[in-house]
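User: I would like to learn how to read a protein model, one feature at a time. Please give me the general idea first and then the case at hand.

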Amino acid sequence: VRFRSAKVSDAPLLAYWDELPHVKASDPTSDWEWENELKENYEWRELWIAEVKSQPIGILQIIDPFN
């Protein structure tokens with residue numbers, strides 16, 4: 001597994017993942033608006049894409065709860 005910073009170009013993939021039944025079931029009211037969210041650069045949050053053999057398999061969010 002390799003991790004890389006999420007980019008605005010990942011927005012369509014993340015929006016697609018959000019529509020998958022098991023993802024919707026976990027949080028049916030979520031609307032991340034990925035294109036806008038990925039343009040933001042918060043010092044308290046990092047968004048990473050996990051890849052296996054250059055294929056995205058998931059997203060990881062790291063949040064600093066003290067900031």
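The dialogue below goes through the fold, the core, the surface, the charges, the rings and the backbone.

Analyst: A note on the source comes before the features. This is a predicted model, in which local features need pLDDT of at least 70, side-chain atom pairs count only at pLDDT 80 or more, and totals for chains, interfaces and linings use all residues. Residues are numbered from 1 along each chain as its sequence is written, and side-chain values use heavy atoms, with hydrogens and water left out.

User: How many helices and strands does the protein chain have, and in what pattern do they follow?

Analyst: Helices (H or I, at least four residues) and strands (E, at least two) are DSSP runs, numbered from the N terminus. Here the protein chain has three helices and three strands. Along the sequence the pattern is β-α-α-α-β-β. The C-alpha atoms fill a box of roughly 35 × 30 × 20 Å, taken along the principal axes.

User: What share of the residues counts as buried?

Analyst: Buried means under 20% relative accessible area, exposed means over 50%, and partly exposed is in between (1.4 Å probe, protein chains only). In this protein chain, 22% of the 67 residues count as buried.

User: Which residues make up the largest nonpolar core?

Analyst: A nonpolar core is a set of buried Ala, Val, Leu, Ile, Met, Phe, Trp, Tyr and Cys residues joined through side-chain atoms within 4.5 Å. The largest one here has eight residues: Ala6, Ala11, Leu14, Trp17, Trp34, Leu38, Leu47 and Ile49. At least two residues of this core come from each of α1 (11-19), α3 (34-39) and β2 (45-52). Helix α1 supplies the largest share, three residues.

User: Which residues make the nonpolar surface patch?

Analyst: Patches are made of residues with over 30% relative accessible area and no salt bridge; like charges are joined within 9 Å, and nonpolar side chains (Val, Leu, Ile, Met, Phe, Trp, Tyr) within 5 Å. The areas come from the Shrake-Rupley method with a 1.4 Å probe, and for residues only the protein chains shown count as cover. In this model Val1, Phe3, Val52, Ile57, Leu60 and Ile62 form a nonpolar patch of about 550 Å². Strand β3 (residues 55-63) gives the most to this patch, with three residues. Ile62 lies in strand β3 and is partly exposed, because its relative accessibility is 39%.

User: How many salt bridges are there, and which side chains meet in them?

Analyst: Side chains of opposite charge can pair when their charged atoms come close. A salt bridge is a side-chain nitrogen of Lys or Arg within 4 Å of a carboxyl oxygen of Asp or Glu. The whole structure has six salt bridges. In one of them Arg4 meets Asp10 at 2.8 Å, N to O, and both of these residues are buried. Arg4 and Asp10 are also linked with Arg2 and Glu51 in a network of salt bridges.

Another pair is Lys24 and Glu19, at 3.6 Å, N to O. Lys24 is partly exposed at 33% relative accessibility, while Glu19 is exposed at 51%. Lys39 and Glu35 also meet in a salt bridge, at 3.8 Å, N to O. Both lie in helix α3, four residues apart, about one turn of the helix.

User: How many aromatic pairs are there?

Analyst: Rings of Phe, Tyr and Trp (its six-membered ring) pair if their centres lie within 6.5 Å; planes under 30 degrees apart count as stacked, over 60 as edge-to-face and the rest as tilted. By this rule there are two aromatic pairs. Trp32 and Trp34 are stacked, because their ring centres are 4.6 Å apart and their planes are at 5°. Tyr42 and Trp44 are stacked as well, with centres 4.9 Å apart and planes at 25°.

User: Which residue lies over the face of Trp44?

Analyst: A charge sits over a ring if NZ of Lys or CZ of Arg is within 6 Å of the ring centre and within 35 degrees of the ring normal. Arg45 lies over the face of Trp44, at 5.9 Å from the ring centre.

User: Where is Ser54 found, and what is its phi?

Analyst: Ser54 is in the loop between β2 and β3. Its phi is positive, about 70°, although Ser54 is not a glycine. Ser54 is exposed, with a relative accessible area of 59%.
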